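User: I'd like to learn how to read a few features of a structure. Can you walk me through one, starting with the strands?

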Amino acid sequence: MNSLLSRTAISTAIGACLLFTGAAAASADTVTHLVSAGGTAPACIGRAASDLGGFVYVGNHCGKTMRVKVIIDFGPDSSCWTLAPEQVRRHNYYGSYGKTITC
C-alpha cells in the first residue's frame with residue numbers, strides 16, 4: 001500500500017513539474033490557461049500546485065524581478081519572496097493552495 005501511495009505521489013510531482021515546465025516556455029496569455037491564476041499576482045507569475053496538495057511551484061516569467069507570496073487556506077502562508085527573472089521556488093504546505101499575490 002505504501003509503495004502505491006509513493007508511486008502516486010511521484011507521478012503527481014512529475015506531472016506538476018512537466019506542467020510547470022510547459023507553462024514556463026509558453027507566453028503569459030497561455031500560462032493563465034495552463035495553471036491556476038487564482039490570485040492577484042500577474043499572469044507572468046506561473047503557479048503549479050500539486051493535485052494532492054503539499055507543494056506549489058511559483059516561477060517568475062515577467063522579465064523583471066518580482067516580489068510574491070503564496071497564500072495557503074487553512075495553513076501558514078509563505079514569506080514574501082523576491083524572484084529574479086526565470087527563478088522558480090517551491091513552497092511546501094499543509095492546508096490548501098489559495099492564491100499567489102504580490103507583496
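Analyst: Happy to. Two strands count as paired if DSSP finds at least two bridges between them. Keep in mind that this is a predicted model. Here, three strands make an open sheet in the order S1-S2-S5, with antiparallel pairing.

User: Which strands stand at the edges of the sheet?

Analyst: Strand S1 (45–49) and strand S5 (88–92) do. Each has a single partner strand, so one side of each is left without a neighbour in the sheet. From one strand to the next, the twist averages 20°.

User: How many bridges join S2 to S5?

Analyst: In general, strands of a sheet pair through backbone hydrogen bonds, and they can be parallel or antiparallel. For strand S2 (residues 55–60) and S5, which run antiparallel, there are five bridges. Within S5, Arg 90 is the bridge partner of Tyr 57.

User: Now the aromatics. How do I read a pair of rings?

Analyst: You describe a pair of aromatic rings by the distance of the centres and the angle of the planes. Searching the whole structure turns up one aromatic pair. It's Phe 55 with Tyr 57: the ring centres are 5.7 Å apart and the planes stand at 80°, so this is an edge-to-face pair.

User: Are Phe 55 and Tyr 57 buried or exposed?

Analyst: The cut-off for buried is under 20% relative accessible area. Phe 55 has 8% relative accessibility, so it counts as buried. Tyr 57 is buried too, at 17%.

User: What sits over the ring of Phe 55?

Analyst: That's the charged end of Arg 90, 4.1 Å from the ring centre. Remember that Arg 90 is also the bridge partner of Tyr 57.

User: On to disulfides. How many are there?

Analyst: You look for cysteine sulfur atoms within 2.5 Å of each other, and by this rule the count is two. Counting bonded cysteines along the chain, the pattern is 1-2, 3-4.

User: Which parts of the chain does the disulfide of Cys 44 and Cys 62 link?

Analyst: The S to S distance for Cys 44 and Cys 62 is 2.0 Å. The torsion about their S-S bond is about 85°, so the disulfide is right-handed. Cys 44 lies in the loop between helix H2 (28–34) and S1, while Cys 62 lies in the loop between S2 and strand S3 (66–73), 18 residues apart.

User: And what about Cys 80 and Cys 103?

Analyst: Their sulfur atoms are 1.8 Å apart, and with 90° about the S-S bond this link is right-handed. Cys 80 is in the loop between S3 and strand S4 (81–83) and Cys 103 is in the segment after strand S6 (96–102), so the pair ties together parts 23 residues apart in sequence. Cys 80 is partly exposed at 28% relative accessible area, and Cys 103 counts as partly exposed at 41%.

Key:
Residues numbered from 1 in each chain as written. Predicted model: local features only at pLDDT ≥ 70, side-chain atom pairs only at ≥ 80, totals over all residues. Heavy atoms only, no water. Phe/Tyr/Trp six-rings, centres within 6.5 Å; stacked < 30°, edge-to-face > 60°. Buried < 20%, exposed > 50% of the residue type's maximum accessible area, 1.4 Å probe, protein only. Lys NZ or Arg CZ within 6 Å of the ring centre and 35° of its normal. Helix = DSSP H or I, 4+ residues; strand = E, 2+ residues; numbered from the N terminus. Axes fitted to C-alpha atoms, helices over the stretch in contact; angles between N-to-C directions.
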